[in-house]
Amino acid sequence: MKTALVTGITGQDGSYLAELLLAEGYRVVGMHRRSSTLNFERIAHIQDDVILEPGDLLDEASLLAVLRRYEPEEVYNLAAQSFVQTSFGQPVLTGETTALGVTRLLDAIRVVNPEIRFYQASTSEMFGKVVETPQRETTPFYPRSPYGVAKVYGHWITVNYRESYGMHASSGILFNHESPRRGLEFVTRKVTFGVARIAHGLAHELRLGNLDAQRDWGFAGDYVRAMWLMLQQPEPDDYVIATGSTHSVRELCERAFAVADLDWERYVTVDERFMRPAEVDLLVGDASHARRRLGWEPTVSFDALIEMMVRADLELVGSTLK
Ligand code: NDP
Ligand code: GDR
């Protein structure tokens, strides 16, 4: 039985990846940070099937300890301060976790066992300002937030450990991916949860920022499969993972409100507080390298994704009223 270590197991992707690894027969070790209240909500259904081990990307000793204790064959580094807006308010913390955290983990792997296969959660936010579309592995990076800058560092340190020490270290440049488990602060979930609250009479408006931003939104369940496939290849590499189609926040609103038979224009208000000091205007990815090498394809369309999220939130909000 192979052992996989997943950092960020309490997050959206960590929960889907843990499910997939369990289905593939792995012993799954999930690293989580200590907090005064447990936040195992997303993994409650598999909590007894995984090993949960405290640790923090800010603390090198905890990383060495978990690697020595469980001797994983594969490490998936999903932990990060992942919210772009917060990275403007907490740029140093974001750098410590999202950038230097990657070096701490890679270096712990180099010391404990450089044969361990490593996945780094890179992002389309590294492309930032539009240089070319669709964005692919060779598109130059031009990040537009402290988060994007930190992820560029994480990406290049992964490439550097691969080239310097021959490590099987791969980087998945994943475009936005969503699900009913998405954090409430990200725009898709903010909208679908907002629609559910309005539909149930608990709210009367939804305040958003830039409605013109365009994103290539896919389903998180599809994207974690790509992470796993990368580590099953004989050679490490970098891969763009995306659907290849893009939609604006305005279109997201239209679609989400329509699922609940509501007219979005009656409820959505633009609020300056949700605008960013620098914005990423347009993301659309070309995943043909992943399609060819990994045989990876997305299975959930934008419309189906938004409908899945609205329906889940209608049920969730409804259940609190019973
Ligand atoms: P989430 O924000 O849902 O999860 C982030 C995880 O990181 C949580 O488990 C969080 O723990 C953990 N974490 C944060 N700081 C630390 C730390 N200092 N030490 C240990 N763990 C920490 O993100 P997603 O699941 O959406 O994303 C997973 C990864 O993929 C992230 O690195 C993100 O930047 C990246 N990414 C995400 C994309 C997306 O569209 N979802 C696209 C491209 C990349 P806690 O629960 O305690 O907060
Ligand atoms: P993003 O996701 O920044 O792309 O990062 P987010 O959902 O936060 O924003 C997407 C776009 O929507 C615009 N927007 C708003 N965003 C939020 N959060 N709240 C609002 O009210 C709002 N109104 C408009 C934003 O300006 C932006 O243009 C996500 C994260 O998961 C990262 O960790 C990951 O790396 C990238 O996706 C790919």
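The span of residues 5-309 has its end C-alpha atoms 28 Å apart, with 40% helix and 16% strand. Helices (H or I, at least four residues) and strands (E, at least two) are DSSP runs, numbered from the N terminus. UniProt, in an unreviewed entry, gives these residues as "domain: NAD(P)-binding"; its positions follow the numbering used here, feature names are shortened, and annotations may be inferred rather than shown by experiment.

This is a predicted model: local features need pLDDT of at least 70, side-chain atom pairs count only at pLDDT 80 or more, and totals for chains, interfaces and linings use all residues. Residues are numbered from 1 along each chain as its sequence is written, while chains are lettered from A and ligands numbered from 1 in the order written.

Now the strands. β1 (residues 3-7) pairs with β2 in the parallel sense, over five bridges; strands pair if DSSP finds at least two bridges between them. A4 has V28 in β2 as its bridge partner. From β1 the chain passes through α1 to β2, a right-handed β-α-β crossover, meaning that, with the strands pointing away from the viewer, the path from the first strand over the helix to the second runs clockwise. β2 also runs parallel to β3 (residues 51-54), joined by four bridges, and V29 is opposite I51 in β3.

Next, ligand 1. It is surrounded by 25 residues, the closest being G8, G11, A79, A80 and A121; the test is a C-beta atom, placed from the backbone, within 6 Å. α1 (12-23) and β5 (117-123) are the elements giving two or more residues to this shell. The largest share, three residues, is from α1.
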